[in-house]
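Dear colleague,

I am passing on the structure we spoke about, with some notes on what turned up when I went through it.

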Amino acid sequence: MSNENKTDTPANSTASVNPTANWEKGTICIQAGFTPSVGGPRVLPIFQSTTYKYEDLDQVERLFALKETGYKYTRTGNPTVAAFEQKVTLLEGGVGAVALASGQAATLLSVLNLCKSGDHIVSAATVYGGSYTLFGHTLKKYGIEVTFIDPEDPQSTLEKAFQPNTKVLFAETLGNPGLAILDFAKFASLAKKFDVPFIVDNTLATPYLCNPFKLGANIVIHSATKYIDGHATSLGGVVIDGGNYNWSNGKFPELTEPDPSYHGFRYVEIFKNAAYIAKARAQYLRDFGACLSPFNAFMLNLGLETLHLRMAQHSKNALALAAFLQKHPQVAWVIYPGLPENPSYERIGKYFLQNEASGVLTFGLKGDRKAARTFVKSLKVAALVVHIGDARTSVLHPATSTHSQMTVEEQLSAGITPDMIRVSVGIEDAKDILADFDQALKSIQA
Ligand SMILES: *Cc1c(COP(=O)(O)O)cnc(C)c1O
């Protein structure tokens, strides 16, 4: 293996040491993160090993003191996992990443790396349900308060949510199932004005369609379970550090003062602009243990190899299905940001790297819950599953599944109507997807 993959210390898993940093996205997707040696395996191997062998006690001492780079134990670093982390770092244009067991673990770690009891988060109310319950219920029990905001409110209204103890601004590039693209200019301006790190969940857009670091984000997270994996095989998450926040502004002493749990290191002093991700690994991969397994890292890396091709096809098929549904007599409404009349449409041109809008859309069936039942049961190409981002087309009825714990009133205020069907459009032939929806829609009338 090349030197760049021999380490689990963030100082040495930064993008700057990788000679492939100027590659285009498709090449990074396929080849970055792992450099085959002559006579060695062409494909990233699964290093299914918890442990690593050392020369002598001196070497181990140097490793633990971070004076030498190398792996210690797979909870805090593994060569297969590191290759995945490096590839994602390059795709997002960050300075380092930590891979985790799930997207939820990534959200938790991204926030806890900055917040402790007594701190406050400002979060878009439109975030993923798991992020909403984590912030609104679970973190509250640990003394971290949240103010949820409507991301479409004017800046003057949103400014009122910030407090002197606000340590994080959190939002998603493309919320779900609302499917609005974030007003990055407004959020970046809020983050700057209050000098608060801006964390963006980029799961639905993927680093192929959007790079939030270029739009003012400081930390990006992903549920790699969705489009990064792309085949519904593996859970995973990742936190990426943009290296673009000044941690020495007095608000984050844990990054600038000695860490009594780790040799008294001062992260900013040692790791410079990769201090955040170094701390995340040194403290929280170590203490929480929500690490990505080498096998799942292999699967996620394999998924990334076709991310650029899949996202183009997901987007193309979703646009075709959205246009088809719009004209269908059984359909009341369609929400897809790739439709020119959608309120988010102009933000694609502004913030997205391709003229593509990802693969998730929602639509309203004419009729009641019974119509939804009949429609879903009649689908043959698409399947009813609780997931998005799969190569296979999937549908979900949010009112009876993901949002069923809410009252009807709560559902409506979250934009969940009883007629709403969410579709994660796959990469099958569009003709077959459209024909499947057509026959299932016709079955409602029968
Ligand atoms: C699924 C999802 C998560 C949570 O990820 P898991 O891998 O399921 O833990 C977080 N954010 C978004 C936007 C998601 O879609």
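This is a predicted model: local features need pLDDT of at least 70, side-chain atom pairs count only at pLDDT 80 or more; totals for chains, interfaces and linings use all residues.

How many of the residues of strand β9 (residues 360–365) are buried? The count is 6 of 6, so by the cut-off of under 20% the strand is mostly covered. In a regular strand the side chains alternate between the two faces of the sheet. In β9 both faces are covered, with Val360, Thr362 and Gly364 buried on one side and Leu361, Phe363 and Leu365 buried on the other.

As for its partners, β9 pairs with strand β8 (residues 331–335) in the antiparallel sense over 4 bridges, and within that pairing Val334 has Phe363 as its bridge partner in β9. Strand β12 (residues 420–424) also runs antiparallel to β9, to which it is joined by 5 bridges, and here Val360 has Ser424 as its bridge partner in β12.

Another part of the model is an open sheet of 7 strands, which come in the order β1-β7-β6-β5-β4-β2-β3 with mixed pairing. Its edge strands, each pairing on one side only, are β1 (96–100) and β3 (145–149), and from one strand to the next the twist averages 20 degrees. Within this order, strand β4 (residues 166–172) and strand β5 (residues 198–201) run parallel and are joined by 4 bridges, with Ile199 in β5 as the bridge partner of Phe170.

Finally, there is the ligand, which residues including Ser102, Tyr128, Glu172, Asp201, Lys226 and Leu235 surround. By class, the shell around the ligand is made up of 7 polar, 3 charged and 2 nonpolar residues. Which atoms of the protein lie 2.8 Å, 2.9 Å and 2.6 Å from an oxygen atom of the ligand? At 2.8 Å there is a backbone N or O atom of Gly103, at 2.9 Å a polar backbone atom of Gln104, and at 2.6 Å an N or O atom in the side chain of Thr225. Taken alone, the ligand would expose 380 Å², of which the protein buries 92%.

With best regards

Terms used:
Residues are numbered from 1 along each chain as its sequence is written. Side-chain values use heavy atoms; hydrogens and water are left out. Buried means under 20% relative accessible area, exposed over 50%, partly exposed in between (1.4 Å probe, protein chains only). Helices (H or I, at least four residues) and strands (E, at least two) are DSSP runs, numbered from the N terminus. Two strands pair if DSSP finds at least two bridges between them. A residue is near a molecule or strand if one of its heavy atoms lies within 4 Å of it. A polar contact is a pair of N or O atoms within 3.5 Å; within protein, one must be able to donate a hydrogen and the other to accept it, and residues adjacent in sequence count only if both atoms are side-chain atoms. Accessible areas come from the Shrake-Rupley method with a 1.4 Å probe; for residues, only the protein chains shown count as cover. Ala, Val, Leu, Ile, Met, Phe, Trp, Tyr, Cys and Pro count as nonpolar, Asp, Glu, Lys and Arg as charged, and the others, Gly among them, as polar. Axes are lines fitted to C-alpha atoms, for helices over the stretch in contact, and angles run from 0 to 180 degrees between N-to-C directions.
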